[in-house]
Amino acid sequence: MVESIQKTLEQFDPGIIWLDQNNVITAMNAVASDTFEDGKADLIGQQVLDIHPEKSREKIKCLFDQLSNTTNPLPPMT
């Protein structure tokens with residue numbers, strides 16, 4: 001069981017998007033770029049909320065608010 005979890009984690013290749021302090025996309029890895037039809041070039045410089053469906057934006061805003069809470073910070077997550 002432990003070996004299968006370890007193998008899964010070793011194969012884990014997350015999409016990563018880098019944001020500046022204003023939540024504008026500054027960079028992304030290939031996995032994240034492949035997730036979007038428009039591709040990497042069209043996403044750099046965009047506000048991250050603008051690339052998500054309207055129904056997802058409130059949840060993302062809530063996560064950003066929680067991340068900026070220095071009194072009770074969120075644990076690392078994926």
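**Salt bridges and the rest**

Q: Let's start with charges. How many salt bridges are there?
A: The count comes to two salt bridges. Keep in mind that this is a predicted model.

Q: Which residue does R57 pair with?
A: R57 forms a salt bridge with E54. Their closest N and O atoms are 3.0 Å apart.

Q: Where do R57 and E54 sit?
A: Both lie in helix α4, which covers residues 54-67. They are three residues apart, about one turn of the helix.

Q: Is E54 buried or exposed?
A: E54 counts as exposed, because its relative accessibility is 61% and the cut-off for exposed is over 50%.

Q: And which residue pairs with E58?
A: That one is K61. The closest N and O atoms of E58 and K61 are 3.6 Å apart.

Q: Why are E58 and K61 about one helical turn apart?
A: Because they are three residues apart in helix α4.

Q: How exposed are E58 and K61?
A: E58 has 55% relative accessibility, so E58 counts as exposed. K61 has 37%, so K61 counts as partly exposed.

Q: Changing topic. What does the overall layout look like?
A: The chain has four helices and two strands. From the N terminus, the order is α-β-β-α-α-α.

Q: What share of the chain is buried?
A: Buried residues make up 14% of the 78 residues.

Q: What about the accessible surface?
A: It comes to about 6,400 Å² for the chain. Carbon and sulfur atoms account for 54% of that surface.

Q: Which residues make up the largest nonpolar core?
A: Six residues in all: I25, M28, A32, L43, V48 and I51.

Q: Pick I51. What does I51 touch?
A: I51 touches I25, F36, L43 and Q46, leaving out residues up to four places away in sequence. I25 and L43 also belong to the largest nonpolar core.

Q: Now N29. Where does N29 lie?
A: N29 lies in the loop between β2 (25-28) and α2 (30-35).

Q: Buried or exposed?
A: N29 counts as buried, because its relative accessibility is 17% and the cut-off for buried is under 20%.

Q: What is N29 in contact with?
A: P14, G15, I16 and W18, leaving aside neighbours within four places in sequence. For G15, the C-alpha atoms are separated by 6.3 Å. N29 and G15 are 14 residues apart along the chain.

Q: Which backbone nitrogens does the N29 side chain reach?
A: The side chain of N29 reaches the backbone nitrogen of A32 at 3.0 Å. The N29 side chain also reaches the backbone nitrogen of I16, at 3.0 Å. A32 is one of the residues in the largest nonpolar core.

Methods: Residues are numbered from 1 along each chain as its sequence is written. This is a predicted model: local features need pLDDT of at least 70, side-chain atom pairs count only at pLDDT 80 or more; totals for chains, interfaces and linings use all residues. Side-chain values use heavy atoms; hydrogens and water are left out. Buried means under 20% relative accessible area, exposed over 50%, partly exposed in between (1.4 Å probe, protein chains only). Contact means heavy atoms within 4.5 Å. A polar contact is a pair of N or O atoms within 3.5 Å; within protein, one must be able to donate a hydrogen and the other to accept it, and residues adjacent in sequence count only if both atoms are side-chain atoms. A nonpolar core is a set of buried Ala, Val, Leu, Ile, Met, Phe, Trp, Tyr and Cys residues joined through side-chain atoms within 4.5 Å. A salt bridge is a side-chain nitrogen of Lys or Arg within 4 Å of a carboxyl oxygen of Asp or Glu. Accessible areas come from the Shrake-Rupley method with a 1.4 Å probe; for residues, only the protein chains shown count as cover.
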